[in-house]
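Here is a short briefing for someone meeting this structure for the first time. Please look over the sequence and the model before reading on.

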Amino acid sequence: MTAVRALYDVRCVRCSCRAVAHMAPSGRTGTYREVLVKLGAVRISCPHCGYARDVPQREEDAYELWYATSFQGERLWATNRADLDRLIAWVAARQRPRAVFPEGVTIETLPKWLKNGKNRAAILKCLRRLRET
Ligand SMILES: [Zn+2]
């Protein structure tokens with residue numbers, strides 16, 4: 001099976017450091033306009049404490065993203081460092097390019113509060129703080 005594999009940065013359940021979740025497609029979600037492939041964690045491993053575990057399917061969503069915070073009560077997150085950098089670049093750009101997001105992610109799927117120019121500076125601050133972690 002040539003499944004798309006993605007790596008998410010998650011919090012290690014044992015040592016709370018940054019661990020890696022190997023993600024694999026686990027079904028489809030989205031709307032009739034746009035079908036999104038849902039990813040579930042299949043394996044989580046931590047380079048800091050050596051924790052490693054194959055994740056049973058029923059627990060595929062039981063992980064905590066490393067790059068996650070809240071902005072005015074909304075959840076602001078990125079799946080990994082590259083995703084965070086893309087989000088920062090997109091929010092920072094005045095002319096917001098579509099091209100910075102990988103295929104399958106469209107600007108329409110981003111929430112309104114994130115696209116709102118008024119929140120730009122504050123969101124950027126939040127994202128850059130996340131980047132420091
Ligand atoms: Zn660990």
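This is a predicted model: local features need pLDDT of at least 70, side-chain atom pairs count only at pLDDT 80 or more; totals for chains, interfaces and linings use all residues.

The exposed residues A121, A122, K125, R129 and E132 sit on the face of α3 turned away from its buried side. Residues are numbered from 1 along each chain as its sequence is written.

**The buried side of α3**
- I123, L127 and L130 are buried in α3.
- They cover an arc of only 55 degrees around the axis, so they are on the same side of α3. The arc is that of the directions from the helix axis to the C-beta atoms.
- β5 (67–71), β6 (74–78), α1 and α2 (112–115) are what the buried residues of α3 pack against.
- The 13 residues of α3 should span 18 Å at 1.5 Å a residue, and its end C-alpha atoms are 19 Å apart, which agrees. The expected span is 1.5 Å times one less than the number of residues.

**Helix α1**
- L84, L87 and V91 are buried in α1.
- These buried residues fall within an arc of 65 degrees seen down the axis, so they line one face of α1.
- Their cover includes β5, β6 and α3.

**Overall layout**
- The chain has three helices and six strands. These are DSSP runs numbered from the N terminus: helices are H or I with at least four residues, strands are E with at least two.
- From the N terminus on, the order is β-β-β-β-β-β-α-α-α.
- Of the 133 residues of the chain, 17% count as buried.

**The core**
- The largest nonpolar core has 20 residues, and V10, A19, A21, I44, L84 and L127 have the most contacts inside it. Such a core is a set of buried Ala, Val, Leu, Ile, Met, Phe, Trp, Tyr and Cys residues joined through C-beta atoms within 7 Å.
- Domain 1 (6–59) and domain 2 (67–132) both give residues to this core, so it lies between them. The domain bounds come from an automatic or database domain assignment.
- Leaving aside neighbours within four places in sequence, I44 is in contact with V10, A19, A21, R53, V55 and Y63. Contact means C-beta atoms, placed from the backbone, within 7 Å.

How values were computed. A residue is buried if 20 or more other C-beta atoms lie within 10 Å of its own, exposed if 12 or fewer, and partly exposed in between; C-beta atoms are placed from the backbone. Two residues are in contact if their C-beta atoms, placed from the backbone, lie within 7 Å.
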